[in-house]
Amino acid sequence: KGLPGQSLKQNNDERIITTDEEYKAFLVVQDICGKVIDKERVFFRDTVNYCAIILDDNVKKTILRCFFNSNNKRIELCDTEKAEKVEIKEVSEITTYSDRIISTIKTCLLADQE
């Protein structure tokens, strides 16, 4: 079937290929999120253009997007009104943004309480 953590709503488009780097990015983000929530609440949903890492299998609760399909790897941090794209060289650099990822999770959790 799918990879552990893969969205149950994943599109089955044959052009979508989840790369090792995308999956590693998911695991890194899942690990960071595990400091504040149950890791099982973190999912990823791959598309042709990017891989979204989401909370509760809900795209309205996007934590991070990975754009790894070109030579320039970028992540999009979703902790502000306007998401910010940042270029990275290695997947491990995502940990540099742990505070912002945790901030995004907390924002999603607060929105759940409203």
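Predicted model: local features only at pLDDT ≥ 70, side-chain atom pairs only at ≥ 80, totals over all residues.
**Cysteines**

I started with Cys66: its sulfur sits 5.5 Å from the closest cysteine sulfur, in Cys51, so that pair is too far apart for a bond. For a disulfide I wanted two cysteine sulfur atoms within 2.5 Å. My search of the whole structure turned up zero disulfides. Cys108 is in none either, with the nearest cysteine sulfur, that of Cys78, 8.9 Å away.

I then checked burial, where buried means under 20% relative accessible area, exposed means over 50%, and partly exposed is in between (1.4 Å probe, protein chains only). Cys66 is buried at 0%, and Cys108 counts as buried at 9%.

Numbering runs from 1 along each chain as its sequence is written, and side-chain values use heavy atoms, with hydrogens and water left out.

**Sheet and helices**

I took helices (H or I, at least four residues) and strands (E, at least two) as DSSP runs, numbered from the N terminus. There is an open sheet of five strands in the order S1-S2-S3-S4-S5, with antiparallel pairing; strands pair if DSSP finds at least two bridges between them. S1 and S5 are the edge strands, each pairing on one side only. Five bridges join S1 to S2, and I found Phe43 opposite Ile54 in S2.

For directions I used lines fitted to C-alpha atoms, for helices over the stretch in contact, with angles from 0 to 180 degrees between N-to-C directions. H1 lies across S1, S2, S3 and S4, at about 155° to S1. H2 packs on the sheet too, touching S2, S3, S4 and S5, at about 165° to S3.

**Core**

Which residues touch the most other members of the largest nonpolar core? I got Ile53, Ile63, Leu64, Ile75, Ile94 and Ile101, out of 27 residues. Such a core is a set of buried Ala, Val, Leu, Ile, Met, Phe, Trp, Tyr and Cys residues joined through side-chain atoms within 4.5 Å. H1 gives the most to this core, with six residues.

I looked up contacts (heavy atoms within 4.5 Å) for Ile94, skipping residues up to four places away in sequence. Its partners include Val28, Leu64, Ile75 and Ile101.

**Lys61**

Lys61 lies in S3. Buried or exposed? It is buried, at 14%. With the sequence neighbours up to four places away left out, Lys61 touches Ile53, Ile54, Leu55, Asp56, Cys108 and Asp112.
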